[in-house]
Amino acid sequence: MHHIAHKIFHNMRTAHNTRLPLLLLVLGICFGSCTKNFNSMNTDPTKIASIVPTDYPYMFAYAQMTPALSPDNFEIGEGAIASVYSQFFSQAAMSFPTDRYVIEQPWLPAAWNPAYVNAVPQLKTILAGTAPSSAQNAVAKIWWVWMFHRVTDYFGPIPYFQAGNGQQSVEYTPQDSIYYDFFQKLDSAVIVLKNHVGENPFGTYDLVYGAKSDAVTPWIKFANTLRLRLALRISNVNPTLAQTQAEAAVAGGVMTDISGDAYIPHTSKTYNEENGLAVTAGWDDIRMSASMASILKGYNDPRLPIYFQPAVTTGLYSGVRNGLYVSEKQVDSNGRLYNSNLGTRWCTWVNGNWVTNYSVSQDIMHAAEAYFLRAEGALNGWNMGDNAQDLYETGIRTSMAQWGITDQNVIANYIISADTPIAPLDGTIHSPAVNNYPIAWSGNPTMERAQVAQQKWLALFPDGMEGWADVRRSHLPALYPVVHSDNPDLPLGTTIKRMPFLTTEVQTNGAAVTRAVQMLGGTDNAATRLWWDVAN
């Protein structure tokens, strides 16, 4: 049954999926029940479509798992796009051209369908079937926002208020309206959850916090941290609203300790439940970017041997520039065996092959990010509960703790270090240092903003979706330009801004897409900025 369900969803990835007929909802519940061994739902088809409140925990688990992306969706939806555009990685796969800004339209449903096909029916059913004052309703709202902020930050205007409406035409929503609804949902969800502290709304089916007897308290902190992230996202386009939302988030309580960090556990039992990033690394698709190598090696960063592992051939930590031609990747020093794959947390080199750790947990959101968001807010003059330097240094300590680095002398020496990035020794390109930001707090406001951005970028690793969004929003840290661009809309020296709308949407929902392009305020290509991307 696992295999059949996987093939069904794999084949649906290229379908047009914003209408979501009941069949898709049935299939979604069937797959969730298969993975959880809910035999009664498998053997009686009438029960599959007869949703009852006791089904909501199973549905919520499925709605959590699918937008985090199964391995095939992750490889082409995040690994080959957001992860390389964030420059956490460079592309090692010879046949993948997205590193040179080529738009692969057939790949884009991988970042679209998991939300619209798989998760929206589950979440809409939960939201419609639970009281607005219930903890289940509030947590479903929070996850709705987490899921859709990744989709809108990928494309721009998207079907949002009408998502899953069952109609042939589905209108898109402007991105500013989507964000305003995000803030409303998160605010209302936290208000509700404050009346349910100590509860566990979905029990152990909550993949993120279900193992805690009190799942509500960490969900409140998750919601406020997400609210803070979104507030910083709009800080250049609507600074007044950004400040209001950020200060409300901090006052309400954001993540402050790694004990509340958010992960989704994975398993090797079912393909769709494996860690997509680990599988992508095991498939030999990615390598450390030259930007990452310049920074981590220059800083003598203790996270380097955790994030990456030495190159197979040389035993050295090496990165490669983004945007190489296939012929350049074929040169030994630019190739796979001469550059660093992901760390042993995700895969290991055994007898000439990469062995994948399929069951490593997936990073969703961490307390370290909250400290860097607050540090940036403090630099903006907002009330973030502490000063920018203390928040910056606490963010570094928290990121180190997250990755198991506990030697306090090492951490203290790192924080006061004057080290800066170095030339990464990146194959045939011979790049200089990517930038000149020291670790130690500089005292210069411009440099402080760059330092916060750089340490936040390091702490966001390996979340390519958020890394790419934050780089586009702040235009920091300074990273290497791609070596070659094969996209005429993005000449050398420019950076990629978004993914175009799906061809299947243009073909089957064309009038709505035409109106969405007007909302976008520019051509439907990868050079048009999103609503919040107004930084110089």
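Which residue does the side chain of R227 meet in a salt bridge? The points below answer this and describe the rest of the structure.

1. **Basis of the note.** This is a predicted model, in which local features need pLDDT of at least 70 and side-chain atom pairs count only at pLDDT 80 or more, while totals for chains, interfaces and linings use all residues. Residues are numbered from 1 along each chain as its sequence is written, and side-chain values use heavy atoms, with hydrogens and water left out.

2. **Overall form.** The chain contains 22 helices and six strands; helices (H or I, at least four residues) and strands (E, at least two) are DSSP runs, numbered from the N terminus. The radius of gyration is 22 Å, close to the 24 Å that the globule rule gives for 536 residues, so the chain is as compact as a globular protein of that length. This radius is taken over C-alpha atoms, and the globule rule is 2.2 Å times the number of residues to the power 0.38. The C-alpha trace spans about 65 × 50 × 50 Å along its principal axes.

3. Of the 536 residues, 62% count as buried. Buried means under 20% relative accessible area, exposed over 50%, and partly exposed in between (1.4 Å probe, protein chains only). Among contacts (heavy atoms within 4.5 Å) with a separation of 6 or more, 74% come from residues 24 or more positions apart.

4. **The R227 pair.** The side chain of R227 meets that of D187 in a salt bridge, at 3.4 Å from N to O. A salt bridge is a side-chain nitrogen of Lys or Arg within 4 Å of a carboxyl oxygen of Asp or Glu. The pair links distant parts of the chain, with R227 in helix α10 (residues 216–233) and D187 in helix α9 (residues 175–193), 40 residues apart. R227 is buried at 7% relative accessibility, whereas D187 is partly exposed at 31%.

5. **Other salt bridges.** The whole structure holds 19 salt bridges. In one of them, D463 pairs with R150, the closest N and O atoms being 3.7 Å apart. D463 lies in the loop between α19 (445–460) and α20 (464–474) and R150 in helix α8 (residues 135–155), so that distant parts of the chain, 313 residues apart, are linked. D463 is buried at 8% relative accessible area, and R150 is buried at 10%.

6. **E376 and K456.** These residues form a salt bridge whose closest N and O atoms are 3.4 Å apart. E376 belongs to helix α16 (residues 367–379) and K456 to helix α19, 80 residues apart. E376 is buried at 9% relative accessibility, and K456 is buried at 1%. Separately, salt bridges that share partners join D153, R229, R233, E369 and E466 into one network.

7. **A buried loop residue.** N435 lies in the loop between α18 (408–415) and α19 and is buried, with 10% relative accessibility. The side chain of N435 reaches the backbone nitrogen of Y437 at 3.3 Å. Leaving aside residues up to four places away in sequence, N435 touches I295, P421, Q454, P477 and A478.

8. **Surface.** The chain exposes about 18,600 Å², of which carbon and sulfur atoms supply 54%. Accessible areas come from the Shrake-Rupley method with a 1.4 Å probe; for residues, only the protein chains shown count as cover. L337 is found in the loop between α15 (326–329) and β4 (347–350) and is partly exposed at 40% relative accessibility.

Conventions
A polar contact is a pair of N or O atoms within 3.5 Å; within protein, one must be able to donate a hydrogen and the other to accept it, and residues adjacent in sequence count only if both atoms are side-chain atoms.
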